[in-house]
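Good morning, and thank you for coming.

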Amino acid sequence: MQRTPFILLLSVLFITACGGAAAASTPTVVPQPTSTLEPIATSTTEAVLMPEQLFEITNDPDNMKDPYGIAINSEGNLYVTDAGNNRVLIFDGTGKLIAKWDTRGDGEGQFQSLGFGGLAIDANDNVFVVDNGNHRIQKLDRDGSFLLGWGSSGTGDGQFVRAIGIALDTNGNVYVTDDGNPFVQKFDNNGNFLMQWGGAGTADGQFSHATGIAVDANGNIFVADYENKRVQKFDPTGTFHTAWNMGEDIKISGTPEAIALDAEGNVYVSDYALGRIQVFDNDGRFLWAISAGSISRPMFKRPTGIAFDANGRLFVVNQSGNSVSVFQP
C-alpha cells in the first residue's frame with residue numbers, strides 16, 4: 001500500500017503532556033530496524049516512511065483492552081483511555097504505569113463503557129475525558145481529582161448520543177464530535193455550551209460518523225468524517241474551508257479515525273481500516289504515509305489515537321493490538 005521512496009526529512013516539534021500517581025509496569029521493548037524508505041508495488045507511486053519503533057506499551061500483565069484515545073501533558077506523561085476496561089491509564093515517558101483511574105460507574109471520576117472515547121489535556125494539565133457510556137464529558141486534574149462534568153443523553157445543546165472525539169484550542173475551548181448526533185459542539189473550559197455545526201449528510205460541512213478532531217494554532221478545526229472517508233477543515237467560526245479524501249495516494253479509500261497536528265500545522269490522520277497514518281499539509285495536500293508498505297501487512301493494528309511529545313516521538317494507539325507503539329521519526 002505504498003509508493004516509490006522519497007528522502008523525507010521529518011522535523012517535528014509537537015506539543016501535549018500529562019501527570020500521574022503510583023503503580024508499576026514496564027513497557028514491552030520491541031527492537032526495530034532503523035528508519036527506511038522502501039518502494040511499494042501498488043497502482044501508483046507513494047512516499048512511505050517506516051520510522052524506528054522504540055518500544056511498545058501493553059501494560060502487561062494488566063493488559064489494555066480496546067484502547068482508544070491518547071494525550072500527553074506538560075510533564076511528558078501519557079494518558080490513555082483503556083476503553084474495554086472502562087478506565088484511564090497514566091504512563092511516564094518510558095511506558096511505566098504510574099497511575100490508573102479505574103472505578104466503573106456513573107459517579108464523579110467514574111467511567112462507563114468508554115468505548116471509542118477520546119481525551120484531551122489543556123494548558124493547566126487538566127484532563128477532559130469522553131465518558132460516552134454516561135453521555136458526558138468529565139474534567140479532572142492531572143491526578144484524577146474530579147473538577148466538573150457536563151452532558152446528558154439527547155440531541156439538544158450540550159447533550160450527547162455517542163460522543164467520541166475531543167480537542168481543545170489555545171483558549172481552552174473544548175470541541176466534541178458525536179457519531180450519533182452528527183454535529184461538532186463547542187464549549188468553554190467549564191463546559192458551557194457555545195455553538196455547534198454540522199448535520200447528517202455528505203455535503204460540505206456535514207458528517208457521517210464523525211470521529212477524531214484536532215485544532216491548530218490558528219484555531220482551524222479538523223474533523224475525521226469516518227463514513228464519508230474524508231477529513232474536513234473548518235475555520236474558527238465553524239465555517240467550512242476545505243475537505244480531502246483518504247487513500248487517494250494508493251487509490252484505495254481509507255477510513256480516518258484520529259487526527260494530530262505538528263508545530264508546522266501538518267495533519268496526521270490514522271487510517272483505522274488500512275492500518276497506516278497519512279500526513280497532509282494544512283490544506284490537505286498529501287505529503288507521505290507512515291506505513292509498512294503493504295495492505296496485507298499493515299504497520300498498525302486498527303490505529304486510533306495519535307500524539308506527539310515534546311521530543312518529537314510519535315505515539316500510536318493500536319486498538320486491536322491492545323497497545324501503544326512509540327516511534328522516533
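Let us begin with an open sheet of four strands, in the order β8-β9-β10-β11, with antiparallel pairing. Its edge strands, β8 (119-121) and β11 (146-150), each pair on one side only. From one strand to the next, the twist averages 20°. Strands here are DSSP runs of E with at least two residues, helices are runs of H or I with at least four, and both are numbered from the N terminus. Two strands pair if DSSP finds at least two bridges between them.

A word on the source: this is a predicted model, in which local features need pLDDT of at least 70 and side-chain atom pairs count only at pLDDT 80 or more, while totals for chains, interfaces and linings use all residues. Residues are numbered from 1 along each chain as its sequence is written, and side-chain values use heavy atoms, with hydrogens and water left out.

Within the sheet, strand β9 (residues 127-131) is joined to strand β10 (residues 136-140) by five bridges, and the two run antiparallel. Valine 127, for instance, has leucine 140 as its bridge partner in β10.

I turn now to the aromatic rings. Rings of Phe, Tyr and Trp (its six-membered ring) pair if their centres lie within 6.5 Å; planes under 30 degrees apart count as stacked, over 60 as edge-to-face and the rest as tilted. By this rule there are 16 aromatic pairs. One of them is a tilted pair of phenylalanine 160 and phenylalanine 187, at 6.0 Å centre to centre and 55° between the planes. Phenylalanine 160 lies in the loop between β11 and β12 (163-168) and phenylalanine 187 in strand β14 (residues 183-187), so this pair ties together parts that are 27 residues apart in sequence. Phenylalanine 160 is buried at 1%, and phenylalanine 187 is buried at 0%.

Another pair, phenylalanine 300 with phenylalanine 327, is edge-to-face, with 5.6 Å between centres and 85° between the planes. Both of these residues, phenylalanine 300 and phenylalanine 327, are buried.

Next, serine 325, which is found in strand β26 (residues 323-328). Serine 325 is buried, with a relative accessible area of 4%. Its side chain is joined to that of asparagine 318 by a polar contact of 2.8 Å. A polar contact is a pair of N or O atoms within 3.5 Å; within protein, one must be able to donate a hydrogen and the other to accept it, and residues adjacent in sequence count only if both atoms are side-chain atoms. Arginine 276, in strand β22 (residues 276-280), is buried at 0%, and its side chain makes a polar contact of 2.8 Å with the side chain of aspartate 249.

Finally, the backbone. Most residues other than glycine have a negative phi, and most peptide bonds are trans. Aspartate 60 and proline 61 are joined by a cis peptide bond, with omega about 10°. Aspartate 66 has a positive phi, near 55°, and lies in the loop between β3 and β4. Thank you.

Technical notes. Buried means under 20% relative accessible area, exposed over 50%, partly exposed in between (1.4 Å probe, protein chains only). Axes are lines fitted to C-alpha atoms, for helices over the stretch in contact, and angles run from 0 to 180 degrees between N-to-C directions.
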